[in-house]
Structure formats: C-alpha cells, structure tokens
Amino acid sequence: MNTHSTPSLTDETLDIGIGGMTCASCVGRVERALNKVPGVHSASVNLATESARIVYAGDAAMQARLKRAVRDAGYEPRSPAEVDALESVSPWTGFAPVAWGALLSAPLALPMVGDWMGLHWMLPAWLQFVLATPVQFILGARFYKAGWHAVLARSGNMDLLVSIGTTAGWALSVWLWLSAPAGAMVHLYFEGSAVVITLVLLGKWLEARAKRQTTAAIRALHALRPDVAHVLGRNGEVDVPVAEVLVGDRIVVKPGERFPVDGTLAEGETQVDESMLTGEPLPVRKDAGDKLTGGSINGEGRVVLLVTAVGVDTVLSRIIRLVEDAQAAKAPIQRLVDQVSAVFVPVVLVLALLTLLGWWFSGASFETAVIYAVAVLVIACPCALGLATPAAIMAGTGVAAQHGILIKDAQALELAHKVDVVAFDKTGTLTLGRPRLNALVVPPDAAMDADAALRASASLQSGSEHPLARAVLAAAAEKGIAITAPESLRSVPGRGSEGVVGTTSYCMGSLRWMAELGVDLGSLAAQSHALQANGATVSVLAERPADGPLTLRAMLAFGDEPKPGAQAALAALRARGIKTVMISGDNRGAAEAMASRLGLRPEEGEVMAEVLPGDKAALVAGLREGGHTVAMVGDGVNDAPALAAADVGLAMGNGTDVAMHAAGITLMRGDLDLVAAALDISDRTVAKIRQNLFWAFFYNVAGIPLAALGYLNPVVAGAAMALSSVSVMTNALLLKRWKPRE
C-alpha cells in the first residue's frame, strides 16, 4: 500500500483499461507500479475486467503519469472508449493466432497420435523445425515481450514461465538435431513447444471470450440509454442527442420507447416496464406527477416527460456506477491470492531448476531432465488464481443487478452469506410507511373542539416530511380545514416538534416526550393504553401557556399497514436459520401489536421498541458485539447510521439517497423478498469463489509434483494449464443462471 499521503475529500478516482495482463502475478506488478507514483493513495487492479481503479490527489498531469507507469511496467494502458470497443467485438475476434498455431502444430502432433495407434510416422527434422519455429517466435512473441518486461521489473508472470519452458524445449530439439550423426533418426521435441504455445493461446482466447460474457450485465445497462430524445421546443418536436437534454426540458416519449432521462410525468398516463432496473416483471401504472426513470420502457400511451435529472445524476447512471464499483473492487479473500502470487513464479522457477538437476543427477539423460522441467514450468502458470475471485464477483454482481439487487462493494457481497441476524426498521420497511390518522380525541373539558385541534396539529406539522406529519396533513385536507404556517418551529429528533400557531405555542410528539415534559393525560390515559394495545401509534398535542405547565389539547392515534408479502419474507429468512428483529420508535404496545401481524415473536427478543433514531446504530453494534453477523434493512435518513454500523447494510431503493449511500447493498424495489435473495446470491457467489480457488490451487498443487516426477509431458501440462483458466471462468459464468427463489 502506498503511504505517500492519506486520502482526502479532494481526491479523484481514475479507471484505466490495461492490456497484456495474463495472470495473478501481472496484477501484483501493475499495482506495485501504480502505488509507487507519488500522490497515489490506492490502486486496485482487476484481472477479469483488465482494468485498474486508482485513487489519487488531484493533479493535472497525474493521469498521464499513471498511464506511463502502466506502460513502463510492460502493459498497455487503454481508455474507456478502447475498452468498450474491445467488449463489443465479434466472439471470434483474436482467434487467428490460435488457428495458425493449430495449422502449424497439427503435422507435428500427428506422429504422437500415430504412436498411440501403433503407427510410426516421423517428419524430417528440417520440416519439424520449419513448422515449429514460426509458432515459437512469431505466434509466441507476446510471451517473450511480456516475460522480458517481468524480468526487467524483477518479478515473474505466466508469460515468463511459458517463454522459458517452450524455448527450452525448442532449443533442446535444435541441439539434438544439429548434434546427431548424419542420417541418424533422433527424437525431437518441437511438437511439445509448438502445441504448448497453441494450447496457451487457445486458453487465453476462450478466457477472453468468457470475460466478455461476465461484463454483459454492464453492457446491457449501458444499452438502456437511447441516443436521441424528442424535445418539445418553440417549433414543436425536435430530435436532439440525449447528451444535450437539460433539466426542465419537456420530452415526448412514444409507445414502446425507452425514457431517455429521469423526470416526472407531465402529460398523459401509461404503463411502464421497469424490469431491467428493478427486476419487477409487471408494468407499473404511471399518472401525471409520478416519477419516471431513464431506461425504463413506455407502454401504450404517448406521454410528455418533464426532465428532472440528466447525465451522471440519473438513476441509471448511478446504478451503472454502483455495479462498476463492485466489479472493480477486491473482495477480502483476494488478499490471500495476492500474497501467494507475489512469490509464486520465483518458487516455480526454483522448482523447475530442482527438477532439472534432480533428474539429471539421478542418471536420466539431460534431454529427459529438461522436458520434465519444462512440464513443471508450463503447468504452474497462475492464470486461474488471478481469475478465480474477480470472475465470480463480476458474474454475481451482474446477475444480481438484473434482478434489482445492487451490490455496491465486494466486501458486502462476501460478508452477506455469513449473516445470522437481520434487523429491520419498521416504518416504510416492514410497513407501507403511509400511516393514517385513525382517531383524534379531545378531553371532555377541552378548550377547543376536534376540528380546532386538527387545524393546530396540521399547522404545526406543515413543514415536516415525517410520515405521521403527512398523515395529519392528509386528514386536514380531507376535511377541508385551512392551515397556517407556524412560527418559531423547532424539531426535536425522535420526540416531536414545537412552534407557534397564530398566537398560541404548541408541542406535539410522542407519549414519552410528553411524559418528560410533565403533560398530564388525565382521563385520556386509559384510552391511550387501549389504543396502543391495538397497535396504534399515539401522539399528543399540548399547549404551552406563557406561564404554568403544558396543557393537554388532543390525543391522535395513527395506524399503518404491513407491506404485502412482509410476513412471508420474514418467514423465508427464519427458514434459512436467520433471526429477524424489528426496530421501532413506537411504544412497546404498538410495536408488539404490529410485530404479531408480521409473525415476529416479541417473547424471543425480536422486537426492539421505543428506540430513538440516534440509538439504532448502537443497537446494531450491540448485536454485533454479541457475536452475530448483522444485516440492517432500512429506507430513511435516520436509518443511515444503523446501515453503516451493520456488517451489511441493505437500503430499500424506494427510500432516501442518504440510506442508499450508507448501505453496501441497495434493493431497487420495496420488496422484502429481495433481502433473502441478496443473501442467497451472496451464498452462491462466495461458493463459486471458494470452488474456483480450490480448483486453481488444486491444478498447481497436484500438477507440479506430477510434472516434476515425470508423469506429465509438456503437451499434457499445457492442456491442463489452459483448462484450469477456462474451467474457472466457466464455473463463474454458471452464476448467470441464478434467479431469486419464489
């Protein structure tokens, strides 16, 4: 890690495409080169995406220095446009070297096939030389170039192993040919070096093809953005590039077209397909004033969109950025791979030398010793190690995004499978978050009637966005009660608000706050207990006189409804062996009444009531200190600290931007089934990472001894090495078939 300086708010992030990386050792070399550049705070290189993400202190010339560092390390820096162009190429791009290698190697390999059939074919030595040499030095030039750069950087990589191994086989064959007596038939090894290079080229081509499939999710998201928008101007409807659309423009969207940017529906009504963004297959009805998201598909109606966000500020752009961030990040498990790869190639070179000397000193011929050493070099290439983790993360985050689960960082993905406690915020997460005013009660001897109390309550709440405040305002609007703006308004977090309406000072808030203020409920105390027992949330309106104690003016009871499917979602989590907990600011009676409707068990500690917003994070931290791995699910601004305090934060996509920023995972629709789905895709992805790492290590741990003991020839070793990379990529791609359980 670079220790030149510590990151600050003014730091910038740069993504660079990198060409020429072949294995885990290349990743470490590029990271070391980038981290040595003054001003760089961190550099993370991803072999599967062939890219680097660098955080650095702002400097006009820094981008050029970073690209020069990549080039000096022996690799090719690429711009995002070049990377996009490479990703959109034909599936057969890059196959020509493989085809030429196969064409030239086939005549060399045929005698080997003949030997198995009892036929003894042998090409003349000069013809073997003519066929093998172009494969070795023209098609294999890339290995020499990259291997030489590794030597200059005093490190090793796959290319160095391949170039040393195949050159040894080719040179041994030339020496045996030239030193043989005239007319003698000697066994040469040209076919070994040529076939190994061809197999490695084939493996890298299949690997590149699989990599393009892992980035399909990102490309699909990019493809959701139309190039042109129909803007309504002075001269009617004009087609302009989407990049020129401005906030405030009015855009016509015809049936079947995609919305080019975010906005609100200004004219018309329609059904909108948001499946690519939220994973919800059913169209959603939209009326005037409803929000519309760029990338979703308009249904049967011609509508006019009022633009509210363009460019990087749109929901689609933020989604793409989140997925790209997750795919560019390294999972903690990758650190083990990085540590191994740093010493892997030098260790293999030593093992190959020991194999050569061991066989030679034990009485084997020099040519036999060389061939066994070559097999060690070839089979040990650490390609699969570098791909094991990032390939699975790319496939997992990509398929999750297609089903409405945005995984912001790889650490959240890796931790989610360990979760054994899921804590839910109540309002807006487990419930609809649209409470209604079910009752307003005034004391028998009150100085104001119910309508006057509702007018005072609504006026006091007119500036608040709290769900209970909106319920009071909605009740006043239904009765046609006019409200006035309050003066000296002050919000008391977690308790209520106070201010002046007209000439009278009021406080309105929770029963607990009223008890702290000394408000006497009098004859309404028993009624408040009954309302709470039935699940109502109770608030009190009290008048603050110029002198003397606060006086009760009204008691308000609110009711909310559980979200459809919430009970089933909680039961599904419990079936996975996960404990569920509801955190609520309501009094215990109201919280437990709602919990019973959701199927929660208060007697088992699954309800935490009367929790102030600032205390949610402490409760989550307490669960973690108890030895649990905790996921927190929330949607509001006051949930952000708890989301950040949890091992894994899951924000509901219909909530606030603050909550989504604090969470590691965002659920793009308010469907609680996605909580279990997010944990499930984490399970599957981590399982694929472990499988990939097992097979990557297994190939090397099993293959190197077999090669050193003489059980593998270079051709078989080359095939096994190529197969290891392809099998890791193919195993990761199986994640693309994942779907949330019904």
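By salt bridge I mean a side-chain nitrogen of Lys or Arg within 4 Å of a carboxyl oxygen of Asp or Glu. Arginine 71 is partly exposed, with a relative accessible area of 42%, and glutamate 76 is partly exposed as well, at 38%. For these words the cut-offs are as follows: buried means under 20% relative accessible area, exposed means over 50%, and partly exposed is in between, with a 1.4 Å probe and protein chains only.

Residues are numbered from 1 along each chain as its sequence is written, and side-chain values use heavy atoms, with hydrogens and water left out.

How confident is the predictor in the chain, going by its mean pLDDT? The mean pLDDT, which is the predictor's confidence in each residue on a scale from 0 to 100, is 83 for the chain, and 90% of the residues reach 70 or more. Over residues 1–6, however, the pLDDT is below 50, although this stretch has 15 contacts in the model beyond near neighbours in sequence, a contact being heavy atoms within 4.5 Å. Where pLDDT is low, the predicted coordinates should not be read in detail.

Now to the chain as a whole. Of the 742 residues, 51% count as buried. If we take the contacts with a separation of 6 or more, 70% of them are between residues 24 or more positions apart.

Let me return to the salt bridges, of which the count comes to 24. Lysine 479 forms one with aspartate 451, with the closest N and O atoms 3.6 Å apart. This pair links distant parts of the chain, 28 residues apart, since lysine 479 is in the loop between helix H18 (467–478) and S17, and aspartate 451 is in helix H17 (residues 450–460). Lysine 479 counts as exposed at 56% relative accessibility, whereas aspartate 451 is partly exposed at 36%.

Another salt bridge is that of glutamate 498 with arginine 544, where the closest N and O atoms are 3.0 Å apart. Glutamate 498 lies in strand S18 (residues 496–501) and arginine 544 in strand S20 (residues 537–544), so the pair ties together parts that are 46 residues apart in sequence. Is glutamate 498 buried or exposed? Glutamate 498 counts as buried, at 14% relative accessibility, while arginine 544 is partly exposed at 34%. There is also a network of salt bridges, which links Arg576, Asp680, Asp683 and Arg684.

Next, please look at some paired strands, where pairing requires that DSSP finds at least two bridges between the two. Strand S5 (residues 228–233) runs antiparallel to strand S7 (residues 250–253), joined by 2 bridges, and here valine 231 stands opposite isoleucine 251. S7 also pairs in the antiparallel sense with strand S13 (residues 303–309), over 4 bridges, with valine 253 opposite valine 303.

Which residues does valine 581 touch, leaving aside neighbours within four places in sequence? Its contacts include Val421, Val422, Ala423, Phe424 and Met608. Valine 581 is found in strand S22 (residues 579–583), and at 1% relative accessibility valine 581 counts as buried.

Finally, let us turn to the surface. Val343, Val347, Val350, Leu351 and Leu354 form a nonpolar patch, with about 410 Å² of accessible area together. Patches are made of residues with over 30% relative accessible area and no salt bridge, with like charges joined within 9 Å and nonpolar side chains (Val, Leu, Ile, Met, Phe, Trp, Tyr) within 5 Å; the areas come from the Shrake-Rupley method with a 1.4 Å probe, and for residues only the protein chains shown count as cover. Valine 350, one of the patch residues, has its place in helix H12 (residues 334–361) and is partly exposed, with a relative accessible area of 48%.

Definitions and conventions. Predicted model: local features only at pLDDT ≥ 70, side-chain atom pairs only at ≥ 80, totals over all residues.
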